[in-house]
Structure formats: C-alpha cells, structure tokens
Amino acid sequence: MKPAQHLEQLDLGAVVRPFDELGDALLIAVEDAGGRHLAGAPATGTGHTRAIGSIRAHGEVAGRVVLHGPSADSDVVRAVAAALGGALSIAAGAGIPPAASGYATTTTLEEELAHGRRLQRTFVSLVPPDVPGYDLASHYEAAREVGGDFFDLFRLRRRGRPLSIVVADVTGKGVAAALLMAFARPLLHAAIDHAPDPATALERTNTILAGERRTGLFITALCARLDPGTGVMRLANAGHEPPLFVPGDGSPVALVLGSGPLMGAFAHLDVPEVEARLSPGDVVLFYTDGVTDARSPDGERFEEERLMAAVQRARGGTAHDVVREVSDAVTAFAAGTEPADDITIVAVGRHRQRVRGASRRGAPP
C-alpha cells in the first residue's frame with residue numbers, strides 16, 4: 001500500500017471536525033505528500049501563520065497536518081501540530097512493524113504516544129513567559145502510562161498583556177486520553193485568546209467537546225487570568241483540584257473554591273468565576289491529582305495533608321520555592337515508585353518588593 005493510501009483510509013473528518021467551531025481563529029487541514037487537500041479547511045491563504053506536523057507511514061512521507069490562522073503563531077500550536085502529525089503517523093502505521101492482523105498492538109501505540117508526549121513537554125510551557133513583578137514556576141513529570149495532563153502559561157495580546165494560566169487533566173489513560181489531550185489543547189488556547197473571561201473560554205471549549213466527543217473520557221480544567229498591574233486573578237474551574245492561595249503575610253493557606261462540572265460531560269458548564277487578589281509575597285499554587293494520588297512503596301497516598309505541609313515549609317519563599325518543595329516532597333514520598341499518573345505543579349507569585357521605578361497606579365491595597 002502506498003503512503004497516501006495509508007493516510008486516506010483513516011477517518012480524517014473526525015480529526016479535523018473539533019476545529020470547525022473555532023471559525024478563523026485556528027484552522028486545520030490534512031494534505032498528502034504532494035500537497036493535495038484531504039480534509040479540513042484548505043491552507044491556501046498566504047497571510048496566516050502555519051504550524052506543520054509531518055505524517056509518515058512505514059518510513060515514508062504520507063502527508064502533513066497544517067494548523068493555520070491568527071492563533072497559529074505560538075509554541076503551543078506548533079507542538080500540537082507535531083503531536084497530531086505523530087498521532088496520525090501512528091494510526092497510519094508509521095515506523096511500527098504491523099502485527100499479524102495488520103495493525104500495531106495497543107501497547108506499541110501507547111509507547112509511541114508516550115514518547116511523543118514527553119518530547120512535547122520538553123519545549124512547551126516549561127520556560128514561562130516574562131511577567132515583570134512576578135515569579136512563574138512549573139514542574140511536570142510524565143507517568144509511565146500514556147496520560148493527559150497539560151498546562152499552558154502565556155500572555156494575551158490585549159491591553160495590559162494579562163497572563164493566562166491553564167492546568168488540565170484528561171480522565172483515564174491510554175491512547176484515547178493522549179489524543180483527546182492533543183485535540184483539547186489548541187481548542188482551549190484559541191478559546192482563551194478570544195474569550196472575554198476564563199469562564200467563557202471553558203464554556204466555549206466544552207461546547208465543542210460535548211458535541212464532538214465520542215469516548216467516555218472527560219477533562220478537568222482550571223483557567224485563570226492575571227492582571228499584572230492590579231494583581232487581580234480571575235479563575236474558572238471545571239471539575240479540577242482547587243488551587244491553593246498562599247498569603248505572603250503569614251495568614252492561613254486557603255483553597256480557592258468555586259467549581260462546575262468537568263468538560264465534556266454536559267452541554268453547559270455554568271462554571272462560576274471567582275476572584276483572588278495577589279498582594280506582594282502572595283503565591284497561588286495549581287496542581288493535578290497526580291500530586292495527591294502519588295503512592296509510597298507500601299501503597300499509601302500522598303494526599304492533601306502532605307501537600308499542605310510541603311506548602312507550609314515553603315512559606316515566605318518564591319513561586320519556585322513552593323514548586324520545588326512540593327515536587328521534592330512527592331519524590332521523597334514515592335521513593336522511586338513509578339508514578340501512577342502525570343504530575344503537574346504550577347505556581348504564580350508576586351514579588352515582595354516593588355520593581356524600582358514602577359508606577360504605584362493599580363497597586364493592591
């Protein structure tokens with residue numbers, strides 16, 4: 001079978017369909033090796049940035065995935081294009097010796113997707129954007145199983161350049177979870193770029209997932225938007241672990257409560273939006289359940305009490321100190337036990353001292 005035939009036998013419509021609801025924000029096309037359009041919105045315009053992921057079938061180029069549109073100019077979208085190209089390569093039999101039935105085994109597919117996911121994480125969000133007056137820190141550890149954690153930290157292209165924080169987790173494991181993560185990331189990113197607030201971004205993403213999802217998987221997601229000038233952070237939570245607010249004045253650590261259902265389960269989320277204000281010295285900690293579900297060699301869970309104890313030990317430090325203390329505590333507790341789930345930790349902290357020469361306008365009370 002020729003490379004193009006391997007590609008054409010796939011249900012490419014199911015791959016591109018979730019992107020249709022985004023309009024011109026982020027479009028997707030699938031082409032064969034000769035540039036012939038196979039599915040999606042043809043990438044014919046010259047004014048839009050493109051992110052390209054190669055598709056290979058049994059060692060030969062079969063085609064490419066092209067993400068294009070105003071939202072395509074980011075490392076996240078480029079990573080997703082590469083991930084989608086890799087996923088379609090696997091589906092088309094790329095570089096995988098066929099089993100007796102003519103298809104690769106599920107185990108092999110999971111191993112290939114796990115490798116691609118780990119590679120992707122080496123250059124997406126691990127280097128945070130520069131936000132004067134704030135520390136941004138993160139830690140990510142992939143589990144042995146193919147999983148679905150993802151997070152993004154990026155500045156929005158609007159007045160004040162607010163910081164967007166996204167932490168999400170696809171329920172379940174395996175190939176389906178990894179692919180749903182690959183599809184959901186650009187949906188969330190594009191929605192956040194164009195939505196007026198975090199709750200609306202989650203609602204728009206959920207509309208697509210609930211309408212197009214064909215699996216029993218769901219996504220927990222937390223979306224936040226920080227105004228660097230005022231320190232005001234607006235948060236919307238769709239079934240995710242509540243973040244921890246760590247005050248710089250020594251007052252008790254508090255959960256940032258307020259949550260709706262996880263994404264993909266219902267047609268409407270109706271997620272409440274809550275607000276937190278970061279004063280100098282305050283830190284907000286986000287994490288996935290891979291932290292609290294971490295296991296010791298005897299099977300004991302890390303749980304919330306140990307998480308709170310680690311945060312308390314880092315009190316008075318920066319966002320980097322908090323992330324380091326929590327990740328070190330989980331590592332020590334696990335004592336070499338392979339993680340059962342991905343571990344994601346993200347923290348945002350406001351500097352204790354005002355940057356010299358900065359305006360006092362918009363400072364928190």
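Why does T292 count as buried? T292 has a relative accessibility of 3%, so it counts as buried, the term meaning under 20% relative accessible area, with exposed over 50% and partly exposed in between, for a 1.4 Å probe and protein chains only.

Before I go on, the ground rules. The model is predicted, so local features need pLDDT of at least 70 and side-chain atom pairs count only at pLDDT 80 or more, while totals for chains, interfaces and linings use all residues. Residues are numbered from 1 along each chain as its sequence is written, and side-chain values use heavy atoms, with hydrogens and water left out.

T292 sits in helix α7. Helices here are DSSP runs of H or I with at least four residues, strands are runs of E with at least two, and both are numbered from the N terminus. Setting aside neighbours within four places in sequence, T292 contacts Y287, R301, F302, E303, E304 and L307, where contact means heavy atoms within 4.5 Å.

F302 takes us to the aromatic rings. One aromatic pair turns up in a search of the whole structure. It is F302 with F333, edge-to-face, at 5.4 Å centre to centre and 75° between the planes. Rings of Phe, Tyr and Trp (its six-membered ring) pair if their centres lie within 6.5 Å; planes under 30 degrees apart are stacked, over 60 edge-to-face, and the rest tilted. F302 lies in the loop between α7 and α8, F333 in helix α9, and they are 31 residues apart. Both F302 and F333 are buried.

Next, the open sheet. Its five strands run in the order β5-β14-β13-β10-β11, with antiparallel pairing; two strands pair if DSSP finds at least two bridges between them. The edges are β5 (134-141) and β11 (254-255), each pairing on one side only. Helix α8, residues 303-313, packs on this sheet and touches β10 and β13; its direction makes about 25° with that of β10. Axes are lines fitted to C-alpha atoms, for helices over the stretch in contact, and angles run from 0 to 180 degrees between N-to-C directions. Between β10 and β11 there are two bridges, and L244 stands opposite L255.

Last, strand β8, residues 219-226. Eight of its eight residues are buried. I219, A221, C223 and R225 point one way, and T220, L222, A224 and L226 the other. β8 pairs antiparallel with β7 over eight bridges, D169 standing opposite T220. Six bridges join β8 to β9, also antiparallel, and A224 has L235 as its bridge partner there. The β8 and β9 hairpin has five residues between the strands, and G231 takes a positive phi near 80°.
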